[in-house]
Amino acid sequence: MTRPNMPAVPIKNVEQQAILSVHRARQGFVKARTAQANQIRGLLTEYGLIIPKGISHIAKRVPEIIEDGENDLPGSFRLLIQRLADHLKELDRQVGELEVEIQRWHRENSASQKLAKYPASDR
C-alpha cells in the first residue's frame, strides 16, 4: 500500500453496491427536479409571474397560470410551461419510486436498521 497509515475500507458486496446506485440515481433525479422547477419559475418570472420556491408551489400555481386567459401568455408559451410541468411531475414520480425502494431495502436490512437507531452525529 502506498499509504500505510490509511485504514482499509471493506469491499462492498453486490447488495450494498446496488443500493448505493439507487441512492445516487435518486440524488440525480432530485437535482434534475430542482433544476426543472427553477427553469419553470425563471421562465414565468420573465412574464412577471412570480412563484415562490418549492415544488408544491409550482404544482399548485402552474395549472392556474396556464388556465388564466387574462395573463396574456402566448399559446406556445403555455404549451411549453405545460410540457415542463409534466416533466417535473415525472421527475417527482421517479424520486418517489426510488424512495420507496430505499425504504423497502432499509426495512429488510438489519445493519441499516441498527445504524438508524443512532443519531446522525454519532455515525
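**Figure 1. Asp72 in the loop between H2 and H3.** In this predicted model, Asp72 is found in the loop that lies between helices H2 and H3. The residue is exposed, because its relative accessible area is 68%, and values over 50% count as exposed. The backbone of Asp72 also deserves attention: its phi is positive, at about 60°, although the residue is not a glycine. Most residues other than glycine have a negative phi.

**Figure 2. The packing of helix H2 against helix H3.** Two packed helices are described by the angle between their axes and the distance between the axes. Helix H2 comprises residues 55–67 and helix H3 comprises residues 75–108. Their axes come within 10 Å and cross at roughly 150°. H2 is therefore roughly antiparallel to H3, since angles over 145 degrees are placed in that class. The crossing in which H2 passes H3 is left-handed. On the side of H2, the contact is made by Ile55, Ile58, Val62, Ile65, Ile66 and Glu67. On the side of H3, Arg78, Ile81, Gln82, Ala85 and Leu88 take part. Sorted by class, the contact of H2 with H3 has 8 nonpolar residues, 1 polar residue and 2 charged residues.

**Figure 3. The packing of helix H1 against helix H2.** Helix H1 spans residues 14–45. H1 and H2 pack at an angle of about 40°, and their axes are 11 Å apart. This angle makes H1 oblique to H2. The crossing of H1 and H2 is left-handed. H1 contributes Arg33, Ala37, Ile40, Arg41 and Leu44 to the contact, while H2 contributes Ile55, Ile58, Val62 and Ile65. By class, the contact of H1 with H2 has 7 nonpolar and 2 charged residues, with no polar residue. Ile55, Ile58, Val62 and Ile65 of H2 also take part in the contact with H3.

**Figure 4. The packing of helix H1 against helix H3.** The axes of H1 and H3 are 9 Å apart, and the two helices pack at an angle of about 155°. H1 and H3 are therefore roughly antiparallel to each other. Their crossing is left-handed. The contact of H1 with H3 has 21 nonpolar, 5 polar and 6 charged residues.

**Figure 5. Gly28 of helix H1 and its distance to Leu91.** Gly28 has its place in helix H1. With a relative accessibility of 38%, Gly28 counts as partly exposed. In sequence, Gly28 and Leu91 are separated by 63 residues. In space, the C-alpha atoms of Gly28 and Leu91 are 9.8 Å apart.

**Figure 6. The aromatic pair of Tyr47 and Phe77.** The structure holds 1 aromatic pair. The ring centres of Tyr47 and Phe77 are 4.3 Å apart and the ring planes stand at 40°, so the pair is tilted. The pair links distant parts of the chain, as the two residues are 30 residues apart. Tyr47 belongs to the loop between helix H1 and H2, whereas Phe77 belongs to helix H3. Tyr47 counts as partly exposed, with 40% relative accessibility. Phe77 counts as buried, because its relative accessibility is 8% and values under 20% are assigned to that class.

Methods
Residues numbered from 1 in each chain as written. Predicted model: local features only at pLDDT ≥ 70, side-chain atom pairs only at ≥ 80, totals over all residues. Heavy atoms only, no water. Axes fitted to C-alpha atoms, helices over the stretch in contact; angles between N-to-C directions. Helix = DSSP H or I, 4+ residues; strand = E, 2+ residues; numbered from the N terminus. Parallel < 35°, antiparallel > 145°, perpendicular 65-115°, else oblique. Left-handed = near helix turned anticlockwise from the far one by under 90°. Contact = heavy atoms within 4.5 Å. Nonpolar A, V, L, I, M, F, W, Y, C, P; charged D, E, K, R; others polar. Phe/Tyr/Trp six-rings, centres within 6.5 Å; stacked < 30°, edge-to-face > 60°. Buried < 20%, exposed > 50% of the residue type's maximum accessible area, 1.4 Å probe, protein only.
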